[in-house]
Each structure stands twice: as C-alpha cells, then as structure tokens.
Amino acid sequence: MPPHQLLSLLLCPGLRIPRLSVLCAQPRARAMAISSSSWELPLVAVCQVTSTPDKQENFKTCAELVREAARLGACLAFLPEAFDFIARDPAETLHLSEPLGGNLLGEYTQLARECGLWLSLGGFHERGQDWEQTQKIYNCHVLLNDKGSVVATYRKTHLCDVEIPGQGPMHESDSTIPGPSLESPVSTPAGKIGLAICYDMRFPELSLALAQAGAEILTYPSAFGSVTGPAHWEVLLRARAIETQCYVVAAAQCGRHHEKRASYGHSMVVDPWGTVVARCPEGPGLCLARIDLRYLRQLRQHLPVFQHRRPDLYGSLGRLPS
C-alpha cells in the first residue's frame, strides 16, 4: 500500500475532537513520479474556524485545533485571517484590537512553545506604533516559531474595499491601514514561506515577487465571502500555485460569524502542479498535507518557466525591493 494511503487510514477514520471535524485528504495521482517517501516529508495543518467577536472563545477553538495538529505530528499550523475575532462593525473592530505585545498574542506564543510547532497567525488586528496618531489598525500576518518567538510579520498591502451584489459591502480601509512593504520569504521546517493575506491573492505580482525571492510555500489566510467564494476561491489559489510553482496553503474562515457576516470556508492546500491535495470539510476543523520540496524542485526543473520570462518585453513584474 502506498505510504500516503496508509497515512490516511491511520489518521482519518474516526478522528474527531469535540465539536470539530478533522479530515486528512488523500493526495491525488500526480503528473510526475515522486521517489521520496511521504513519511520523511514535513506535515502541515490547515485550520478552519468560525470567529466571532468573543476573543477568548475564538482562542479556545484555535488552541484546540493547534493541539490536535501537534498531536498528529504537524510541524506548522496555519490559522485563517481574523483568527482573533470578527467584529460587527469598524468601531467594534478598533475596540477589540490589540498591539503585538498584548495579552492575546502572548497566549499564542505560549501555545506555540507548549505544542512545539510553528504557527502562522493569518491576520491579527494589530494596533501599530502609529495607533495614537491614526486610530486605525493593521491586518497583520504573524509567524511564530516553535519557541514562541515572532520571526516575521507582514501587514496586508491590498485592502478589500469592494461591493459585491448579494454579499454585502466590505470597506476594510474604514478601520485598517495598508501595509508599507512585502516580507521576504522565511525559512521554516516545512520550507520557505511567503506571507500574504486573503485579497492579496487577486494580485499575481505579489506571488511572483515572493516566488522569485525564494518562496516555496505561499500562504493566503482568508475570510472569503459567500458569493466570491464559490466563483473565485479555488480558481485563484490553483492559479497562484501553477504560475509560481509553489505550494499554496489557504486557511479560511467558515460559517456565520454573527448576524452581519458569513464566510465561505473550503480551506485547502494546493501543490505546485495545481492539484488540491488537502481540503477541509464543512465547519470548523483541520486538514493535513505533506510538503514535498523534492517534487517542487523536480517540477521546476522540468518546466522552467522562470527561466523563460521576457522582462525585456513586459518589465520585471513582481520583484521584492532589495
């Protein structure tokens, strides 16, 4: 029996934690042969939650999933955008926000140390150093190592100010300041990770910049809506994976957060060929995927698209500033 099938049999059947479902998705057949054993590959966990304005309840849910991810052997767990809370309006968002040095992030640093795994905290409502002057916050993707130290922060550069019929208006800039820069990819036990957040996935220049700077995994923690989700979510994630030849990890919010907002869910992992190799079921829970960097390098060698680019014709699209 192939190792990935055995892994699914061992981990998936009957695996449940209270109120939360857990799915271990079995990889589909790939277009290229892989010789490395899946047992040697790093395991990542992608968490799906339904945040509310109650920060402590949200933390309890996220902590339960992170502990389950650690128990299953994951080296890194990804949480979605707004893992800390989803408020009813901009005023409540600002009221509930905290600085990076606040109590809530302190609880997550302790959780990372306790569980001994890295955490991608996909979109923290951060009161920055300019809070007193601006009275606005940043949507901040925080990466913690297994010692609980902050190793990288990325502040969302593309804010979601849109009005989609049937989904309700979204004016992120009412409470949020766009980030000033991109973050260079960060080495982790799973590979080099490029940090982004939700709406950023609609801008391929960002993903190309991260890939050309050495990213092997792109992560898009998100809270997609009920109209754009079915239409664009999987298509965009697979496109970003194919064009950059990176793994794409997308932890998502799901379900109804309160009377004013709901999210699409469908957290997933996409491999560099564009195949969805793991996907969360409906409701809060997690899915697992192994990251095969040998496969990634093999694919890039056989299909060397980055060597074939023509910046002489269309400029150097997507390059991180030096």
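Glu 126 is buried in this predicted model, with a relative accessibility of 5% (buried means under 20% relative accessible area, exposed over 50%, and partly exposed in between, with a 1.4 Å probe and protein chains only). The side chain of Glu 126 forms a salt bridge with that of Arg 155, at 2.8 Å from N to O (a salt bridge places a side-chain nitrogen of Lys or Arg within 4 Å of a carboxyl oxygen of Asp or Glu). Glu 126 belongs to strand E5 (residues 118-126) and Arg 155 to strand E7 (residues 150-155), so the pair ties together parts 29 residues apart in sequence. Arg 155 itself is partly exposed, at 22% relative accessible area.

A salt bridge also joins Glu 114 and Arg 67, at 2.7 Å from N to O. This pair links distant parts of the chain, with Glu 114 in helix H4 (residues 103-115) and Arg 67 in helix H2 (residues 55-71), 47 residues apart. Arg 67 is partly exposed, at 39% relative accessibility. The count of salt bridges comes to 15.

The chain contains 9 helices and 18 strands (DSSP runs numbered from the N terminus, helices being H or I of at least four residues and strands E of at least two). Of its 322 residues, 55% are buried.

Residues are numbered from 1 along each chain as its sequence is written. As the model is predicted, local features need pLDDT of at least 70 and side-chain atom pairs count only at pLDDT 80 or more, whereas totals for chains, interfaces and linings use all residues, and side-chain values use heavy atoms, with hydrogens and water left out.
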